[in-house]
Amino acid sequence: MENKNDIVIVSAVRTPFSKFDGAMRDIPSIDLGTMVMKEVIERVGIKPEEVEEINYGSCIPAEFALEFDVPARQATLLAGFPPENISLTLDRACCSSLTALRLCIRAIKAGEVEIAMAVGSENMSRTPHLAPGARWGTRLGHIRLFDPLFELGYKSKGFNPVSVDAGEVALEYGVTREMQDQWGFESQQRYTNAYSEEKFKIGEELMPVVIPQKKGDPIVIEKDESPRVTSLGALAKLQTIYGSPTVTAGNAPPMNAGASAILIMIRKKAEEKGLKPLATIVTSICSAMAPRYIASVPALTIQKALNMANLTIDDMDLIEINEAFAAMPLVSTKILANGDEKKWNGLREKTNVNGGAIAIGHPVGASGARITMTLAYELRRRGGGYGVAAICGGLAQGEAIILKVCRERE
Ligand SMILES: CC(C)(COP(=O)(O)OP(=O)(O)OC[C@H]1O[C@@H](n2cnc3c(N)ncnc32)[C@H](O)[C@@H]1OP(=O)(O)O)[C@@H](O)C(=O)NCCC(=O)NCCS
(Lines give C-alpha, C1' and ligand atoms only; values in the text may rest on other atoms or scores of the structure.)
Protein backbone atom coordinates (compact mmCIF):
# COMPACT_ATOMS: atom_id res chain seq x y z
CA MET A 1 0.00 0.00 0.00
CA GLU A 2 1.30 3.41 -0.95
CA ASN A 3 1.65 5.98 1.78
CA LYS A 4 1.84 9.75 1.30
CA ASN A 5 4.87 9.82 3.57
CA ASP A 6 6.83 7.18 1.62
CA ILE A 7 10.14 8.32 0.26
CA VAL A 8 10.33 7.82 -3.50
CA ILE A 9 12.96 8.03 -6.22
CA VAL A 10 11.69 10.39 -8.92
CA SER A 11 14.79 10.66 -11.09
CA ALA A 12 18.03 8.73 -11.45
CA VAL A 13 20.79 9.18 -13.98
CA ARG A 14 24.43 8.45 -14.59
CA THR A 15 27.10 9.22 -17.13
CA PRO A 16 28.50 6.37 -19.17
CA PHE A 17 31.44 4.84 -17.30
CA SER A 18 34.66 5.61 -19.13
CA LYS A 19 37.55 3.16 -18.96
CA PHE A 20 40.99 3.79 -17.46
CA ASP A 21 42.73 6.09 -19.91
CA GLY A 22 39.40 6.39 -21.77
CA ALA A 23 37.63 9.34 -23.39
CA MET A 24 36.70 10.94 -20.05
CA ARG A 25 40.24 10.55 -18.70
CA ASP A 26 40.86 14.28 -18.16
CA ILE A 27 37.45 15.45 -16.95
CA PRO A 28 37.57 16.40 -13.25
CA SER A 29 35.19 14.32 -11.12
CA ILE A 30 33.69 17.63 -9.97
CA ASP A 31 32.64 18.36 -13.57
CA LEU A 32 31.16 14.88 -13.96
CA GLY A 33 29.24 15.46 -10.72
CA THR A 34 28.00 18.79 -12.04
CA MET A 35 26.67 17.11 -15.20
CA VAL A 36 24.56 14.50 -13.40
CA MET A 37 23.25 17.01 -10.85
CA LYS A 38 21.89 19.22 -13.64
CA GLU A 39 20.46 16.33 -15.64
CA VAL A 40 18.72 14.56 -12.76
CA ILE A 41 16.58 17.61 -11.95
CA GLU A 42 16.04 18.78 -15.53
CA ARG A 43 14.54 15.43 -16.49
CA VAL A 44 11.68 15.93 -14.03
CA GLY A 45 11.38 19.72 -14.18
CA ILE A 46 12.63 20.40 -10.64
CA LYS A 47 14.36 23.74 -10.11
CA PRO A 48 17.73 23.86 -8.32
CA GLU A 49 16.28 25.95 -5.49
CA GLU A 50 13.74 23.20 -4.72
CA VAL A 51 16.47 20.70 -3.75
CA GLU A 52 17.07 21.28 -0.07
CA GLU A 53 20.00 18.97 0.62
CA ILE A 54 22.71 17.35 -1.50
CA ASN A 55 24.96 14.55 -0.24
CA TYR A 56 27.87 13.72 -2.52
CA GLY A 57 30.19 10.73 -2.30
CA SER A 58 33.68 10.50 -3.68
CA CYS A 59 36.34 8.15 -2.44
CA ILE A 60 39.64 9.06 -4.06
CA PRO A 61 40.45 12.42 -2.44
CA ALA A 62 43.79 12.63 -4.29
CA GLU A 63 41.86 13.22 -7.53
CA PHE A 64 39.54 15.96 -6.34
CA ALA A 65 42.43 17.47 -4.34
CA LEU A 66 43.56 18.86 -7.71
CA GLU A 67 40.60 21.23 -7.25
CA PHE A 68 41.28 21.50 -3.50
CA ASP A 69 38.39 20.32 -1.28
CA VAL A 70 34.57 20.28 -0.80
CA PRO A 71 33.77 18.85 -4.26
CA ALA A 72 30.11 18.72 -3.25
CA ARG A 73 30.01 22.44 -2.61
CA GLN A 74 31.96 23.25 -5.76
CA ALA A 75 29.81 21.02 -7.99
CA THR A 76 26.62 22.35 -6.42
CA LEU A 77 27.55 25.94 -7.23
CA LEU A 78 28.85 25.05 -10.70
CA ALA A 79 25.61 23.20 -11.47
CA GLY A 80 23.58 26.34 -10.71
CA PHE A 81 22.21 25.45 -7.31
CA PRO A 82 21.70 28.54 -5.14
CA PRO A 83 24.45 29.53 -2.67
CA GLU A 84 22.08 28.70 0.21
CA ASN A 85 21.97 25.00 -0.80
CA ILE A 86 23.19 22.61 1.91
CA SER A 87 25.69 20.01 0.74
CA LEU A 88 28.11 17.47 2.16
CA THR A 89 31.09 15.63 0.66
CA LEU A 90 31.51 12.20 2.16
CA ASP A 91 33.88 9.27 1.84
CA ARG A 92 32.73 5.80 2.81
CA ALA A 93 34.90 4.24 0.10
CA CYS A 94 32.91 2.39 -2.58
CA CYS A 95 29.76 2.72 -0.44
CA SER A 96 29.90 6.52 -0.67
CA SER A 97 27.05 7.34 -3.05
CA LEU A 98 24.73 4.85 -1.36
CA THR A 99 25.69 6.37 1.99
CA ALA A 100 24.87 9.76 0.43
CA LEU A 101 21.44 8.42 -0.48
CA ARG A 102 20.91 7.04 3.04
CA LEU A 103 21.71 10.45 4.52
CA CYS A 104 19.19 12.04 2.15
CA ILE A 105 16.57 9.49 3.27
CA ARG A 106 17.41 10.22 6.90
CA ALA A 107 17.03 13.98 6.38
CA ILE A 108 13.59 13.49 4.82
CA LYS A 109 12.54 11.03 7.54
CA ALA A 110 13.65 13.49 10.21
CA GLY A 111 11.33 16.07 8.63
CA GLU A 112 14.22 18.41 7.90
CA VAL A 113 13.73 18.48 4.13
CA GLU A 114 11.28 17.19 1.53
CA ILE A 115 13.50 16.98 -1.56
CA ALA A 116 17.10 15.74 -1.52
CA MET A 117 19.73 14.54 -3.97
CA ALA A 118 22.45 11.90 -3.67
CA VAL A 119 25.45 12.09 -5.97
CA GLY A 120 28.56 9.99 -6.52
CA SER A 121 31.47 10.97 -8.72
CA GLU A 122 34.92 9.63 -9.41
CA ASN A 123 37.59 9.83 -12.05
CA MET A 124 40.18 7.17 -11.29
CA SER A 125 42.12 7.94 -14.49
CA ARG A 126 42.85 11.44 -13.26
CA THR A 127 44.25 10.33 -9.89
CA PRO A 128 47.68 11.96 -9.70
CA HIS A 129 50.85 10.42 -8.35
CA LEU A 130 51.71 11.93 -4.99
CA ALA A 131 55.16 13.15 -4.02
CA PRO A 132 55.25 12.88 -0.24
CA GLY A 133 58.23 14.73 1.19
CA ALA A 134 58.60 16.96 -1.87
CA ARG A 135 57.43 20.07 0.01
CA TRP A 136 60.38 20.13 2.43
CA GLY A 137 62.92 18.45 0.18
CA THR A 138 64.96 15.33 0.72
CA ARG A 139 68.12 15.72 2.78
CA LEU A 140 69.74 12.75 1.12
CA GLY A 141 68.33 10.35 -1.45
CA HIS A 142 65.54 10.17 -4.03
CA ILE A 143 62.14 11.77 -3.99
CA ARG A 144 59.62 8.98 -4.59
CA LEU A 145 56.27 9.20 -6.31
CA PHE A 146 53.39 7.30 -4.73
CA ASP A 147 50.42 5.92 -6.72
CA PRO A 148 47.24 5.83 -4.61
CA LEU A 149 45.66 3.47 -7.17
CA PHE A 150 48.36 0.81 -6.89
CA GLU A 151 47.04 -2.22 -4.99
CA LEU A 152 43.94 -0.23 -4.02
CA GLY A 153 44.49 -1.16 -0.43
CA TYR A 154 45.54 0.23 2.87
CA LYS A 155 48.95 -1.40 3.02
CA SER A 156 50.77 1.58 4.54
CA LYS A 157 48.65 1.10 7.66
CA GLY A 158 49.10 -2.65 7.73
CA PHE A 159 45.87 -3.76 6.04
CA ASN A 160 45.78 -6.12 3.05
CA PRO A 161 44.94 -5.12 -0.52
CA VAL A 162 41.19 -5.66 -0.95
CA SER A 163 41.86 -8.26 -3.66
CA VAL A 164 43.85 -10.38 -1.17
CA ASP A 165 41.15 -10.30 1.52
CA ALA A 166 38.39 -10.97 -1.00
CA GLY A 167 40.22 -13.86 -2.66
CA GLU A 168 41.20 -15.54 0.61
CA VAL A 169 37.74 -15.31 2.13
CA ALA A 170 36.17 -16.54 -1.13
CA LEU A 171 38.29 -19.70 -0.93
CA GLU A 172 37.27 -20.18 2.71
CA TYR A 173 33.65 -20.19 1.47
CA GLY A 174 34.46 -22.71 -1.26
CA VAL A 175 34.21 -20.07 -3.99
CA THR A 176 37.03 -21.04 -6.35
CA ARG A 177 38.97 -19.07 -8.96
CA GLU A 178 37.02 -20.95 -11.67
CA MET A 179 33.70 -19.85 -10.16
CA GLN A 180 34.93 -16.26 -10.03
CA ASP A 181 36.04 -16.42 -13.69
CA GLN A 182 32.66 -17.90 -14.62
CA TRP A 183 30.95 -14.98 -12.84
CA GLY A 184 33.21 -12.50 -14.67
CA PHE A 185 32.34 -14.15 -17.98
CA GLU A 186 28.60 -14.06 -17.24
CA SER A 187 28.77 -10.43 -16.13
CA GLN A 188 30.11 -9.52 -19.59
CA GLN A 189 27.52 -11.70 -21.34
CA ARG A 190 24.61 -10.35 -19.33
CA TYR A 191 25.71 -6.79 -20.09
CA THR A 192 26.00 -7.60 -23.81
CA ASN A 193 22.47 -9.03 -23.81
CA ALA A 194 21.06 -6.09 -21.84
CA TYR A 195 22.80 -3.65 -24.17
CA SER A 196 21.37 -5.31 -27.25
CA GLU A 197 17.92 -5.12 -25.62
CA GLU A 198 18.53 -1.34 -25.33
CA LYS A 199 18.50 -1.35 -21.54
CA PHE A 200 21.49 0.96 -21.47
CA LYS A 201 20.12 3.54 -23.88
CA ILE A 202 20.30 7.28 -23.33
CA GLY A 203 17.23 8.54 -21.47
CA GLU A 204 16.96 5.83 -18.83
CA GLU A 205 19.95 5.47 -16.49
CA LEU A 206 22.34 6.94 -19.04
CA MET A 207 22.93 10.54 -20.13
CA PRO A 208 25.46 11.55 -22.79
CA VAL A 209 28.74 13.26 -21.92
CA VAL A 210 29.78 15.90 -24.44
CA ILE A 211 33.49 16.71 -24.59
CA PRO A 212 34.27 19.89 -26.56
CA GLN A 213 37.35 19.70 -28.78
CA LYS A 214 39.76 22.51 -29.68
CA LYS A 215 38.94 21.93 -33.34
CA GLY A 216 35.95 20.25 -34.91
CA ASP A 217 32.90 18.60 -33.43
CA PRO A 218 32.72 17.64 -29.77
CA ILE A 219 33.15 14.00 -28.79
CA VAL A 220 29.89 12.56 -27.46
CA ILE A 221 30.12 9.57 -25.13
CA GLU A 222 26.89 7.58 -25.07
CA LYS A 223 27.89 4.16 -23.82
CA ASP A 224 30.01 2.44 -21.21
CA GLU A 225 33.54 1.86 -22.45
CA SER A 226 34.64 -1.12 -20.35
CA PRO A 227 32.47 -4.07 -21.46
CA ARG A 228 34.50 -6.54 -23.49
CA VAL A 229 34.18 -9.80 -25.34
CA THR A 230 35.95 -12.58 -23.48
CA SER A 231 36.05 -16.35 -23.07
CA LEU A 232 36.54 -18.70 -20.14
CA GLY A 233 39.80 -19.85 -21.73
CA ALA A 234 41.16 -16.29 -21.91
CA LEU A 235 40.04 -15.59 -18.33
CA ALA A 236 41.75 -18.73 -17.01
CA LYS A 237 45.09 -17.55 -18.43
CA LEU A 238 45.15 -14.23 -16.54
CA GLN A 239 47.60 -13.74 -13.68
CA THR A 240 46.23 -12.98 -10.23
CA ILE A 241 46.84 -9.43 -8.95
CA TYR A 242 48.60 -8.02 -5.90
CA GLY A 243 49.18 -11.44 -4.28
CA SER A 244 45.49 -12.39 -4.30
CA PRO A 245 44.91 -16.15 -4.62
CA THR A 246 42.01 -15.71 -7.08
CA VAL A 247 41.44 -12.13 -8.27
CA THR A 248 42.51 -11.25 -11.84
CA ALA A 249 41.80 -8.39 -14.24
CA GLY A 250 39.02 -10.57 -15.68
CA ASN A 251 37.06 -11.24 -12.48
CA ALA A 252 37.68 -7.73 -11.08
CA PRO A 253 36.14 -4.47 -12.25
CA PRO A 254 38.33 -2.05 -14.16
CA MET A 255 39.15 1.47 -12.91
CA ASN A 256 36.71 4.01 -14.29
CA ALA A 257 35.46 7.57 -14.53
CA GLY A 258 31.79 8.35 -14.05
CA ALA A 259 29.11 9.99 -11.95
CA SER A 260 25.59 9.17 -10.85
CA ALA A 261 22.76 11.07 -9.15
CA ILE A 262 19.42 10.16 -7.58
CA LEU A 263 16.65 12.61 -6.69
CA ILE A 264 14.28 11.61 -3.91
CA MET A 265 11.29 13.22 -2.27
CA ILE A 266 8.35 12.49 -0.06
CA ARG A 267 5.51 10.86 -2.07
CA LYS A 268 3.01 13.62 -1.40
CA LYS A 269 5.44 16.15 -2.85
CA ALA A 270 5.88 14.00 -5.97
CA GLU A 271 2.09 13.83 -6.32
CA GLU A 272 1.74 17.61 -5.94
CA LYS A 273 4.22 17.98 -8.77
CA GLY A 274 2.58 15.35 -10.94
CA LEU A 275 5.69 13.16 -10.93
CA LYS A 276 5.46 9.38 -11.30
CA PRO A 277 7.96 7.78 -8.93
CA LEU A 278 10.49 5.35 -10.33
CA ALA A 279 10.59 3.35 -7.08
CA THR A 280 9.66 3.50 -3.40
CA ILE A 281 12.44 3.24 -0.85
CA VAL A 282 11.51 0.52 1.65
CA THR A 283 14.59 0.77 3.85
CA SER A 284 18.29 1.54 3.78
CA ILE A 285 20.97 0.53 6.22
CA CYS A 286 24.73 0.27 6.73
CA SER A 287 27.00 -2.19 8.50
CA ALA A 288 30.65 -3.10 9.00
CA MET A 289 32.69 -6.22 9.77
CA ALA A 290 36.32 -7.14 10.45
CA PRO A 291 38.27 -5.77 7.41
CA ARG A 292 39.14 -9.10 5.79
CA TYR A 293 35.43 -10.03 5.41
CA ILE A 294 34.78 -7.50 2.67
CA ALA A 295 33.35 -10.22 0.41
CA SER A 296 30.76 -11.18 3.05
CA VAL A 297 29.66 -7.72 4.13
CA PRO A 298 27.00 -7.30 1.38
CA ALA A 299 25.26 -10.42 2.75
CA LEU A 300 25.30 -9.12 6.32
CA THR A 301 23.98 -5.74 5.21
CA ILE A 302 21.24 -7.24 3.03
CA GLN A 303 20.14 -9.46 5.92
CA LYS A 304 20.04 -6.45 8.25
CA ALA A 305 17.93 -4.49 5.74
CA LEU A 306 15.56 -7.44 5.23
CA ASN A 307 15.10 -7.83 8.99
CA MET A 308 14.31 -4.13 9.32
CA ALA A 309 11.72 -4.35 6.57
CA ASN A 310 10.27 -7.61 7.85
CA LEU A 311 11.02 -9.29 4.52
CA THR A 312 13.11 -12.28 3.45
CA ILE A 313 15.53 -12.80 0.60
CA ASP A 314 12.86 -14.92 -1.10
CA ASP A 315 10.64 -11.81 -1.31
CA MET A 316 13.26 -10.13 -3.52
CA ASP A 317 12.57 -10.34 -7.24
CA LEU A 318 15.98 -8.91 -8.10
CA ILE A 319 19.30 -8.44 -6.32
CA GLU A 320 22.21 -6.15 -7.14
CA ILE A 321 25.50 -6.85 -5.37
CA ASN A 322 28.35 -4.70 -6.55
CA GLU A 323 31.05 -6.69 -8.28
CA ALA A 324 33.89 -5.10 -6.33
CA PHE A 325 35.24 -8.44 -7.47
CA ALA A 326 33.30 -11.54 -8.58
CA ALA A 327 34.02 -12.83 -5.06
CA MET A 328 31.51 -10.41 -3.51
CA PRO A 329 28.26 -11.52 -5.19
CA LEU A 330 29.36 -15.16 -5.06
CA VAL A 331 30.27 -15.24 -1.36
CA SER A 332 27.35 -13.04 -0.36
CA THR A 333 24.68 -15.00 -2.24
CA LYS A 334 26.15 -18.21 -0.78
CA ILE A 335 25.81 -16.81 2.75
CA LEU A 336 22.26 -15.65 2.02
CA ALA A 337 21.40 -19.14 0.74
CA ASN A 338 22.51 -20.52 4.09
CA GLY A 339 24.07 -23.73 2.78
CA ASP A 340 21.20 -24.60 0.41
CA GLU A 341 22.81 -25.26 -3.01
CA LYS A 342 19.53 -24.99 -4.95
CA LYS A 343 18.67 -21.72 -3.26
CA TRP A 344 22.19 -20.41 -4.00
CA ASN A 345 21.68 -21.13 -7.72
CA GLY A 346 18.37 -19.30 -7.61
CA LEU A 347 19.86 -16.26 -5.88
CA ARG A 348 22.73 -16.11 -8.38
CA GLU A 349 20.23 -16.19 -11.25
CA LYS A 350 18.47 -13.06 -10.02
CA THR A 351 21.64 -11.17 -9.04
CA ASN A 352 23.05 -8.54 -11.44
CA VAL A 353 20.78 -9.67 -14.26
CA ASN A 354 22.12 -6.98 -16.60
CA GLY A 355 25.76 -7.54 -15.72
CA GLY A 356 27.71 -5.76 -13.03
CA ALA A 357 30.78 -3.67 -12.34
CA ILE A 358 33.10 -6.21 -14.00
CA ALA A 359 31.50 -5.27 -17.34
CA ILE A 360 29.93 -1.86 -16.68
CA GLY A 361 32.84 -0.46 -14.66
CA HIS A 362 33.32 0.73 -11.11
CA PRO A 363 34.08 4.45 -10.67
CA VAL A 364 34.19 3.68 -6.99
CA GLY A 365 32.33 6.60 -5.36
CA ALA A 366 29.60 6.51 -8.03
CA SER A 367 28.76 2.80 -7.95
CA GLY A 368 26.34 2.66 -5.00
CA ALA A 369 23.92 5.01 -6.74
CA ARG A 370 24.54 3.15 -10.03
CA ILE A 371 23.45 -0.24 -8.70
CA THR A 372 20.40 1.38 -7.07
CA MET A 373 19.20 2.93 -10.33
CA THR A 374 20.03 -0.19 -12.38
CA LEU A 375 17.81 -2.11 -9.94
CA ALA A 376 14.99 0.45 -10.07
CA TYR A 377 14.87 0.63 -13.87
CA GLU A 378 14.93 -3.17 -14.21
CA LEU A 379 12.14 -3.62 -11.63
CA ARG A 380 10.09 -1.11 -13.62
CA ARG A 381 10.76 -2.95 -16.91
CA ARG A 382 9.53 -6.15 -15.29
CA GLY A 383 6.30 -4.52 -14.16
CA GLY A 384 7.23 -4.12 -10.49
CA GLY A 385 8.36 -6.05 -7.44
CA TYR A 386 10.91 -5.87 -4.66
CA GLY A 387 14.67 -5.59 -5.06
CA VAL A 388 17.72 -5.10 -2.90
CA ALA A 389 21.01 -3.47 -3.82
CA ALA A 390 24.16 -3.80 -1.71
CA ILE A 391 27.73 -2.64 -1.96
CA CYS A 392 30.89 -3.15 0.07
CA GLY A 393 33.52 -0.52 0.72
CA GLY A 394 37.01 -0.15 2.13
CA LEU A 395 37.87 -2.30 5.14
CA ALA A 396 34.54 -4.18 5.06
CA GLN A 397 31.84 -1.56 5.31
CA GLY A 398 28.46 -2.20 3.72
CA GLU A 399 25.39 -0.36 2.49
CA ALA A 400 22.09 -1.85 1.36
CA ILE A 401 18.82 -0.45 0.11
CA ILE A 402 15.50 -2.20 -0.53
CA LEU A 403 13.26 -0.79 -3.27
CA LYS A 404 9.71 -1.54 -4.26
CA VAL A 405 8.16 -0.79 -7.61
CA CYS A 406 4.40 -1.14 -7.41
CA ARG A 407 2.72 -3.55 -9.78
CA GLU A 408 -0.02 -1.87 -11.80
CA ARG A 409 -2.95 -3.31 -9.81
CA GLU A 410 -1.49 -2.88 -6.31
C1 LIG B 1 42.86 -5.49 -12.22
C2 LIG B 1 43.63 -4.22 -12.58
C3 LIG B 1 44.92 -4.13 -11.76
C4 LIG B 1 43.98 -4.33 -14.06
O5 LIG B 1 44.56 -3.14 -14.48
P6 LIG B 1 45.24 -3.03 -15.91
O7 LIG B 1 46.43 -3.92 -15.94
O8 LIG B 1 45.41 -1.60 -16.24
O9 LIG B 1 44.05 -3.64 -16.79
P10 LIG B 1 44.00 -4.14 -18.27
O11 LIG B 1 42.66 -3.80 -18.82
O12 LIG B 1 45.21 -3.64 -19.04
O13 LIG B 1 44.04 -5.72 -18.11
C14 LIG B 1 45.23 -6.43 -17.84
C15 LIG B 1 45.35 -7.59 -18.83
O16 LIG B 1 44.23 -8.45 -18.63
C17 LIG B 1 43.52 -8.60 -19.85
N18 LIG B 1 42.09 -8.70 -19.54
C19 LIG B 1 41.38 -7.88 -18.74
N20 LIG B 1 40.10 -8.30 -18.70
C21 LIG B 1 40.02 -9.39 -19.48
C22 LIG B 1 38.96 -10.25 -19.84
N23 LIG B 1 37.72 -10.08 -19.38
N24 LIG B 1 39.24 -11.28 -20.68
C25 LIG B 1 40.47 -11.47 -21.15
N26 LIG B 1 41.53 -10.69 -20.84
C27 LIG B 1 41.28 -9.65 -20.03
C28 LIG B 1 43.85 -7.37 -20.67
O29 LIG B 1 43.68 -7.57 -22.05
C30 LIG B 1 45.29 -7.13 -20.29
O31 LIG B 1 46.09 -8.02 -21.05
P32 LIG B 1 47.52 -7.55 -21.62
O33 LIG B 1 48.36 -7.26 -20.38
O34 LIG B 1 47.98 -8.74 -22.38
O35 LIG B 1 47.27 -6.33 -22.45
C36 LIG B 1 42.79 -2.95 -12.35
O37 LIG B 1 41.74 -2.86 -13.28
C38 LIG B 1 42.24 -2.94 -10.95
O39 LIG B 1 42.95 -2.62 -10.00
N40 LIG B 1 40.94 -3.28 -10.80
C41 LIG B 1 40.35 -3.38 -9.50
C42 LIG B 1 39.80 -2.07 -9.09
C43 LIG B 1 39.35 -2.13 -7.67
O44 LIG B 1 40.01 -2.71 -6.82
N45 LIG B 1 38.22 -1.51 -7.37
C46 LIG B 1 37.74 -1.46 -6.05
C47 LIG B 1 37.24 -2.75 -5.60
S48 LIG B 1 37.07 -2.73 -3.84
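**Ligand shell, sheet and helix packing in a predicted model**

The shell around the ligand is made up of 15 nonpolar, 3 polar and 1 charged residues. Among the 19 residues around the ligand, those that come nearest are Leu 152, Thr 230, Ala 249, Gly 250 and Ala 324. The model described here is a predicted one.

The protein chain contains 13 helices and 11 strands. Its C-alpha atoms fill a box of roughly 65 × 55 × 40 Å along the principal axes. The radius of gyration of the protein chain is 20 Å, which agrees with the value near 22 Å that a compact globule of 410 residues would have. Buried residues make up 53% of the 410 residues of the protein chain. Of the contacts in the protein chain with a separation of 6 or more, 79% are between residues 24 or more positions apart.

Nine of the strands can be described together. An open sheet of 9 strands, with mixed pairing, runs in the order E3-E2-E4-E7-E1-E8-E11-E10-E9. Strand E3 (86–90) and strand E9 (318–321) are the edge strands, each pairing on one side only. From one strand to the next, the twist averages 25°. In general, the strands of a sheet pair through backbone hydrogen bonds, in either a parallel or an antiparallel manner. The pairing of E9 with strand E10 (residues 385–393) is parallel and extends over 4 bridges. Within this pairing, Leu 318 has Gly 387 of E10 as its bridge partner.

Helix H13 (residues 367–381) packs on the sheet. The strands that H13 touches are strand E1 (7–14), strand E2 (53–57), strand E4 (115–123), strand E7 (257–266), strand E8 (279–288), E9, E10 and strand E11 (397–405). The direction of H13 makes about 165° with that of E10.

A further helix, H3, spans residues 71–78. The buried residues of H3 are Pro 71, Ala 72, Gln 74, Ala 75 and Thr 76. These buried residues pack against helix H1 (29–42), E2, helix H2 (61–64) and E3. The partners of H3 thus include E3, an edge strand of the sheet, and E2, which stands beside E3 in the strand order. After H3 comes Gly 80, which has a positive phi, near 95°.

Terms used
Residues numbered from 1 in each chain as written. Predicted model: local features only at pLDDT ≥ 70, side-chain atom pairs only at ≥ 80, totals over all residues. Helix = DSSP H or I, 4+ residues; strand = E, 2+ residues; numbered from the N terminus. Rg over C-alpha atoms; globule rule 2.2 N^0.38 Å. Buried ≥ 20, exposed ≤ 12 C-beta atoms within 10 Å, placed from the backbone. Contact = placed C-beta atoms within 7 Å. Pairing = 2+ DSSP bridges. Axes fitted to C-alpha atoms, helices over the stretch in contact; angles between N-to-C directions. Near = placed C-beta within 6 Å. Nonpolar A, V, L, I, M, F, W, Y, C, P; charged D, E, K, R; others polar.
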